[in-house]
Amino acid sequence: MATILVVDDDDMNLKMAEFILKKDMKENKVLLADSGMKAIDTLQREKVDLVLLDFQMPVMNGLKTLELIRKREDLKDVAVIFLTAASDRDTVIKAGMMGVVDYIKKPFMPNDLIDRVSQALMKK
């Protein structure tokens with residue numbers, strides 16, 4: 001069993017990802033956070049195997065959240081997939097340099113989400 005943390009400031013995106021993951025990957029635990037700070041708090045309390053992280057969030061965006069995750073010794077190896085509507089080259093390059101395992105463009109298709117999450121968890 002793996003624990004997946006979904007981080008997105010859009011409640012609809014959170015609920016959709018949770019529904020898809022719980023429906024098709026029943027054996028896994030799904031946690032939700034609606035901000036980067038709540039994600040960091042959750043990561044300090046729970047052992048998480050994979051983070052699905054929205055890139056564009058107010059206050060603390062996905063890149064800043066990822067920076068904080070990578071700075072912590074106990075979290076630096078957590079697998080992260082960016083979920084984002086942004087597809088500019090600089091964003092993809094920055095994300096890759098910070099060790100994201102994948103990059104999913106929103107709106108995501110259920111099968112694509114499941115396939116990429118499954119692949120990321122198998123690599124772990």
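User: How many salt bridges does the structure hold?
Analyst: The model is a predicted one, in which local features need pLDDT of at least 70 and side-chain atom pairs count only at pLDDT 80 or more, while totals for chains, interfaces and linings use all residues. Residues are numbered from 1 along each chain as its sequence is written, and side-chain values use heavy atoms, with hydrogens and water left out. A salt bridge is a side-chain nitrogen of Lys or Arg within 4 Å of a carboxyl oxygen of Asp or Glu. The number of salt bridges in the structure is 13.

User: In which helix do D11 and K15 both lie?
Analyst: The side chains of D11 and K15 meet in a salt bridge, at 3.0 Å from N to O. These two residues are four places apart, about one turn of the helix. An α-helix has 3.6 residues a turn, so residues three or four places apart point the same way. Helices (H or I, at least four residues) and strands (E, at least two) are DSSP runs numbered from the N terminus, and the helix that holds both D11 and K15 is α1.

User: Is E73 buried or exposed?
Analyst: E73 meets K76 in a salt bridge between their side chains, at 3.5 Å from N to O. Buried means under 20% relative accessible area, exposed over 50%, and partly exposed in between, with a 1.4 Å probe and protein chains only. K76, at 32% relative accessibility, counts as partly exposed. Because E73 has a relative accessibility of 61%, this residue counts as exposed.

User: Which residues are linked with D8 in a network of salt bridges?
Analyst: Side chains of opposite charge can pair when their charged atoms come close. In the network that includes D8, the linked residues are D54 and K106.

User: Why is the pair of F55 and F82 edge-to-face?
Analyst: The structure holds one aromatic pair. Rings of Phe, Tyr and Trp (its six-membered ring) pair if their centres lie within 6.5 Å; planes under 30 degrees apart count as stacked, over 60 as edge-to-face and the rest as tilted. The centres of the F55 and F82 rings are 5.1 Å apart, and the pair is edge-to-face because their planes stand at 80 degrees.

User: Against which elements do the buried residues of α3 pack?
Analyst: The buried residues of α3 are G62, L63, T65, L66 and I69. They cover an arc of only 155 degrees around the axis, so they lie on the same side of α3; the arc is that of the directions from the helix axis to the C-beta atoms. These residues pack against α2 (36–45), β3, β4 and α4 (89–97).

User: Which residues does I114 touch, not counting residues up to four places away in sequence?
Analyst: I114 is found in helix α5 (residues 110–123). With a relative accessible area of 13%, I114 is buried. Contact means heavy atoms within 4.5 Å, and the residues that I114 touches beyond four places in sequence are I20, L21, D24 and M25.
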